[in-house]
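Please read the report below alongside the sequence and the structure, which are shown first.

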Protein chains: 2
Amino acid sequence: MLEGSYLAQMASLVGDPSRANMLAALMAGQALTATELAIAAGITPQTASGHLARLTDGKLLKVVAQGRHRYHRLASAEVARMLESLMAVAVEGPKRHRPRSARDDALAEARTCYDHLAGRLGVALADALAARGLILLGDEGGAVTAAGQQALAAFGVDMAPGHGRQAFCRPCLDWSERRWHVGGRIGAALARRCFALGWIERAGDGRAVRVTPAGEAGLGRTFGLDWPGRPALAEAG
Amino acid sequence: MLEGSYLAQMASLVGDPSRANMLAALMAGQALTATELAIAAGITPQTASGHLARLTDGKLLKVVAQGRHRYHRLASAEVARMLESLMAVAVEGPKRHRPRSARDDALAEARTCYDHLAGRLGVALADALAARGLILLGDEGGAVTAAGQQALAAFGVDMAPGHGRQAFCRPCLDWSERRWHVGGRIGAALARRCFALGWIERAGDGRAVRVTPAGEAGLGRTFGLDWPGRPALAEAG
DNA sequence: AGATCGCTTCGGCGACGGCCGAAACGTTCG
DNA sequence: CGAACGTTTCGGCCGTCGCCGAAGCGATCT
């Protein structure tokens, strides 16, 4: 009975549409101001302020004041994982009509999931890494192989083992593709490196990203990733 | 904006205290009737009925009618994972007073987490397996070693690899211990086998479990697990 | 067949909570 | 120093949703 009240308290915090929209916006991994979040949620700043206070009190958000702005971000990767797991269950919920917008299509194509890559791009990258024997992906976990350790380190990803004995790559269930992609420390470092190399860049102000021409070449050369290839069509004949 | 509405819809489903209590009760992994769930949530059957209909519609629950009873259970392991991730974030939320009841203590000691073992017992078992080199546990994942494959198979756990190439053991963040324990297919099979051997049994009608004398001996012999040992006290001098 | 039980549907009550307008506070800029 | 801006607090309105009593439906038991 006590467990349930914790559960309810946390879930109801996320369960309000306005707050959920703010959290979804923060899934991009960036810090946003109160007003930006108000716009994202479609409410007035004073309403947003109340919501943000509650989210912060509930340890879902961290705030850092900078001048007259207050920047809000998700409190931890664990919060991001929680939101992602909610999404994963939510998408197979009531099969109500899903009005696909251009914005949603862009998100499904390539986006960030807090700190790593997701969408069709994220899944394709995971597949390419697995195909080259750099990582192993299973239903319940993932690991970096010896060859992968070497290749990723050479690529510029910091492979320093954390507290864990082994380099694992946490799989993250993609809600649009319904398939695993690379999350965890490795996924985050991989995404950071791709941004740093200019291989990918943010498209618009949300979570959507775009692969640059340099990225297409680089991803192909380095990981054998054919982007934006949709090989099924060409190879079917 | 659309993502947020999915999130909100799913979270608000969990966010009601009565529904959350039912879901918490179902985290035991057993199927319960509507009336049992009503009692667990402290509401009348007719109110529970409405809630259960909504949870089922939202694909959180599966129902199977048997005579004049209707048995409800969590729809999937994914739902259980979602609830567990909510709990993991919830416990470090607002540090409000936590009235520890005997019931809660029993849960923290040893309980099931949908289909595997959690609590102090679950963590201790994971530690014992890791200490013997049967599994590897990291911050972001876990794997069964070659020795572990053999030992677990000998113990009677079905180690047939599923779709994945490798035997992973999904780690599950324990909300009472704040440490990893063994979940996933391996964790579930391990728990099933322990129940079958009579090493553990359900204590009461909830999620709490108890280690039998046979279990204490067996767990010690097989996995080197000293239960209910609290070694820090004896070995400190 | 009648009684009992488990579950669901309906209707109305009551309360919690989200929303905004107005206004106050602190910071930054001219 | 005054104006503009970002943010927060307060107050009141209103819709939503959870709750239960009463009643209906189907299955089971005697």
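## The surface near DNA strand D

By class, the surface near DNA strand D is made up of 12 polar, 5 nonpolar and 4 charged residues. The model is a predicted one. In this model 21 residues surround DNA strand D, and the closest are Thr33(A), Thr35(A), Gln46(A) and Ser49(A), together with Gly67(B) from the other chain.

Helix H3 (34-41), helix H4 (45-57) and strand E3 (69-74) of chain A, along with helix H4 (45-57) of chain B, are the elements that each give two or more residues to this surface. The largest share, 6 residues, comes from H4(A).

## The buried side of H3(A)

Within H3(A), the buried residues are Ala34(A), Leu37(A), Ala38(A), Ala40(A) and Ala41(A). These residues lie on the same side of H3(A) because the arc they cover around the axis is only 160 degrees. An α-helix has 3.6 residues a turn, so residues three or four places apart point the same way.

The buried residues of H3(A) pack against helix H2 (17-26), strand E1 (32-33), H4 and E3 of chain A. Just after H3(A) comes Gly42(A), whose phi is positive, at about 75 degrees.

## The contact between chains A and B

Chain A gives 55 residues to the contact and chain B gives 55 residues. On the side of chain A that touches chain B, at least two residues each are supplied by helix H1 (2-14), H2, helix H5 (77-90), strand E7 (142-144) and helix H9 (184-196) of chain A. H1(A) provides the largest share of this side, 12 residues. By class, the residues on this side of chain A divide into 25 nonpolar, 17 polar and 13 charged.

Definitions and conventions. Residues numbered from 1 in each chain as written. Chains lettered and ligands numbered in written order. Predicted model: local features only at pLDDT ≥ 70, side-chain atom pairs only at ≥ 80, totals over all residues. Near = placed C-beta within 6 Å. Helix = DSSP H or I, 4+ residues; strand = E, 2+ residues; numbered from the N terminus. Nonpolar A, V, L, I, M, F, W, Y, C, P; charged D, E, K, R; others polar. Buried ≥ 20, exposed ≤ 12 C-beta atoms within 10 Å, placed from the backbone. Arc of directions from axis to C-beta. Contact = placed C-beta atoms within 7 Å.
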